[in-house]
Amino acid sequence: MATVSLSTPTVISDRAEERNAHLGAVRRGDVASVHSWELVTAVDGPGTRMTLFLSGCPLRCQYCQNPDTWLQRNGTETSFDEIFARVVRYRSVFETTGGGLTISGGEPLQQARFVTRLVRETAALGIRTALDTSGFLGRNASDALLDDLSLVLLDVKSGLPETYREVTGRELQPTIDFGNRLAARHVPAWVRFVLVPGLTDAVDNVDAAADIVAKWPNVERVEVLPFHQMGISKWERLNKPYSLTDTRSPEPELVERVREQFRSRGLTTF
């Protein structure tokens with residue numbers, strides 16, 4: 001005679017309750033998948049910054065320095081209270097240096113509810129908060145979130161749709177749409193453009209990017225970031241194919257040419 005286990009329905013029910021409880025915590029912004037954090041000066045915004053790196057990103061940039069942030073499930077689940085307490089710990093440092101919190105990734109807007117809650121509660125304490133994003137998931141950002149931000153660091157990875165697709169595997173238009181929203185709401189923005197020889201350096205691609213950015217009066221500065229190979233060890237450790245092994249950092253003359261293309265549109269460029 002077969003034996004029927006009476007515990008199986010209870011186990012399944014417990015697991016379902018755990019999943020539902022976890023989903024509820026995510027929807028409330030009570031938890032986030034965190035890759036890492038660091039305290040830096042004059043990077044990722046003005047003053048001394050606590051930069052929080054969240055896990056998960058829909059883009060697959062060829063030059064990504066942190067491919068270990070691509071998958072949200074690979075991060076460490078961390079409570080809102082733990083992260084908020086860590087930010088508040090540095091409040092006096094932020095006040096003294098004019099710094100604040102920068103939420104980066106990965107792509108932070110992949111965990112938009114957590115970001116929205118963290119920005120709202122840090123802003124309520126007078127802590128200036130920046131969002132470092134590609135804008136591809138800009139639709140996830142509510143107007144309320146945008147209004148609470150002190151600064152957006154917006155990566156405009158290319159100006160031509162076909163080049164953007166080659167660089168990231170995704171479409172350019174969502175970034176443009178997000179930039180338009182920031183401009184309409186007068187959210188201060190710093191634009192970043194990564195200069196990769198043979199990939200993003202074509203004159204027409206840079207011109208197209210500069211033309212896009214020049215339409216946004218809220219842009220305070222453009223940073224042209226020369227490509228480097230500092231992230232290659234992560235690609236190798238993750239056993240991921242890396243297409244830029246033989247690509248060198250751009251020569252100073254190329255960096256200056258690209259900066260001048262942005263400056264010719266009246267943009268303050270570094």
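In this predicted model, Y90 counts as buried, because its relative accessibility of 18% falls under the 20% limit. W37, by contrast, is partly exposed, with a relative accessible area of 31%, while F94 is buried at 2%. W37, Y90 and F94 together form one aromatic cluster, and the structure holds seven aromatic pairs. The rings of W37 and Y90 have planes at 50 degrees, so this pair is tilted, and it links distant parts of the chain, since W37 lies in strand β1 and Y90 in the loop between α2 (80-89) and α3 (91-97), 53 residues apart. Y90 and F94 also form a tilted pair.

| Aromatic pair | Centre to centre | Angle between planes |
|---|---|---|
| W37 and Y90 | 6.1 Å | 50 degrees |
| Y90 and F94 | 6.5 Å | 45 degrees |

Two rings have a charge placed over them: the charged end of R117 sits over the ring of F80, 3.8 Å from its centre, and that of R221 sits over the ring of W190, 4.2 Å from its centre.

The largest pocket has a volume of about 1100 Å³, and of the 39 residues that line it, Q65, N66, D132, D155 and R192 are the closest to its centre. Two or more lining residues come from each of the elements β1 (31-41), β5 (128-133), β7 (189-195) and β8 (219-226); by class, the lining comprises 16 nonpolar, 13 polar and 10 charged residues.

According to an unreviewed UniProt entry, the annotation "domain: Radical SAM core" covers residues 43-265, a span that is 39% helix and 19% strand and whose end C-alpha atoms lie 25 Å apart.

Note on methods
Residues are numbered from 1 along each chain as its sequence is written. This is a predicted model: local features need pLDDT of at least 70, side-chain atom pairs count only at pLDDT 80 or more; totals for chains, interfaces and linings use all residues. Side-chain values use heavy atoms; hydrogens and water are left out. On a 1 Å grid over the protein atoms alone, a cavity is a set of points where a 1.4 Å probe fits but cannot get out, and a pocket is an open set with protein on both sides within 12 Å along at least five of seven lines; lining residues have an atom within 4 Å of a point. Grid points are joined across faces, edges and corners, and a volume is the space filled by probe spheres set on the points. Helices (H or I, at least four residues) and strands (E, at least two) are DSSP runs, numbered from the N terminus. Ala, Val, Leu, Ile, Met, Phe, Trp, Tyr, Cys and Pro count as nonpolar, Asp, Glu, Lys and Arg as charged, and the others, Gly among them, as polar. UniProt positions are given in the numbering used here, feature names are shortened, and annotations may be inferred rather than shown by experiment. Rings of Phe, Tyr and Trp (its six-membered ring) pair if their centres lie within 6.5 Å; planes under 30 degrees apart count as stacked, over 60 as edge-to-face and the rest as tilted. Buried means under 20% relative accessible area, exposed over 50%, partly exposed in between (1.4 Å probe, protein chains only). A charge sits over a ring if NZ of Lys or CZ of Arg is within 6 Å of the ring centre and within 35 degrees of the ring normal.
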